[in-house]
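Here are my notes on the model, as numbered points. Please read them with the structure open.

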Amino acid sequence: MPFKRDRVTAMCQPGLLGSGRVDTKSLLSLTDEMLIHVAWRAGFSAYPEWGAWFASQGITSHPRRELGHTTDTSSVAIDLACGGLGVVLGQEILAETELATGKLVTPFSH
């Protein structure tokens, strides 16, 4: 049986879309203050970070981590997003329940 393939994508609480703080038509609506970061320990350096995610969209951006929220645990980062504290680059497998129940949404197609 094959393993599931995980993806990482931007996720947030639906209320952030309704409030106008996140514009699904503009990646530039994501301010540094809104970004939730995971500070990966040694050995996890290949995990995507916001700068690389923006670059994959053709945008040069070097988000200032100190202006947003940072944790060293991806599940806590997802919890912060569920609480409406910002947008996280979350693992879809880890946030499967939150996405299925609508606690989190993926505001961008990438």
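1. Start with the salt bridge between arginine 64 and glutamate 66. The closest N and O atoms of this pair are 2.8 Å apart. Arginine 64 is partly exposed, at 45% relative accessible area. Glutamate 66 reaches 56% and counts as exposed. Keep in mind that this is a predicted model.

2. How many salt bridges does the count come to? Three. Another of them joins arginine 65 to glutamate 49, with the closest N and O atoms 3.6 Å apart. This pair links distant parts of the chain, 16 residues apart. Arginine 65 sits in the loop between helix H2 (50-56) and strand E3 (69-71). Glutamate 49 sits in the loop between E2 and H2. Both ends are partly exposed: arginine 65 has a relative accessible area of 28%, and glutamate 49 has 39%.

3. Arginine 7 and glutamate 92 also form a salt bridge. Their closest N and O atoms are 2.8 Å apart. Arginine 7 lies in the segment before strand E1 (8-11), and glutamate 92 lies in the loop between strand E4 (87-91) and H4, so the bridge ties together parts that are 85 residues apart in sequence. Arginine 7 is partly exposed, at 49% relative accessibility. Glutamate 92 is partly exposed too, with a value of 23%.

4. Glutamate 98 deserves a look. Its place is in helix H4 (residues 96-101). Is this residue buried or exposed? Glutamate 98 is buried, yet it has no salt bridge. The nearest side chain of opposite charge is that of lysine 103, 6.1 Å away. A salt bridge needs a nitrogen-oxygen distance within 4 Å. Leaving aside neighbours within four places in sequence, glutamate 98 touches Ile78, Cys82, Lys103 and Leu104. Lysine 103 is thus listed as a contact, but not as a salt-bridge partner.

5. On the cysteines: a search of the whole structure finds zero disulfides. Cysteine 12 is in none, and its nearest cysteine sulfur, that of cysteine 82, is 10 Å away. Cysteine 82 is likewise in no disulfide, with the sulfur of cysteine 12 as its nearest, at 10 Å. Cysteine 12 is buried, at 0% relative accessibility. Cysteine 82 is also one of the residues in contact with glutamate 98.

6. Now the inside of the fold. Isoleucine 36 lies in strand E2 (residues 35-38) and is buried, with a relative accessible area of 1%. Which residues does isoleucine 36 contact, beyond neighbours within four places in sequence? Trp50, His69, Ala77, Leu80, Ala81, Leu85, Gly86, Val87, Val88 and Leu89. Leucine 17 is 19 residues from isoleucine 36 in sequence and 16 Å from it in space, C-alpha to C-alpha.

7. Overall layout. The protein has four helices and four strands. Along the sequence they follow the pattern β-α-β-α-β-α-β-α. The radius of gyration is 13 Å, close to the 13 Å that the globule rule gives for 110 residues, so the protein is as compact as a globular protein of that length. The C-alpha atoms fill a box of roughly 40 × 30 × 25 Å along the principal axes.

8. Packing and surface. Of the 110 residues, 35% count as buried. Among contacts with a separation of 6 or more, 76% come from residues 24 or more positions apart. The protein exposes about 6500 Å², and carbon and sulfur atoms supply 54% of that area.

Technical notes
Residues numbered from 1 in each chain as written. Predicted model: local features only at pLDDT ≥ 70, side-chain atom pairs only at ≥ 80, totals over all residues. Heavy atoms only, no water. Helix = DSSP H or I, 4+ residues; strand = E, 2+ residues; numbered from the N terminus. Buried < 20%, exposed > 50% of the residue type's maximum accessible area, 1.4 Å probe, protein only. Lys, Arg positive; Asp, Glu negative; His and termini not counted. Contact = heavy atoms within 4.5 Å. Disulfide = S-S within 2.5 Å. Rg over C-alpha atoms; globule rule 2.2 N^0.38 Å. Areas by Shrake-Rupley, 256 points an atom, 1.4 Å probe, with all protein chains shown as cover.
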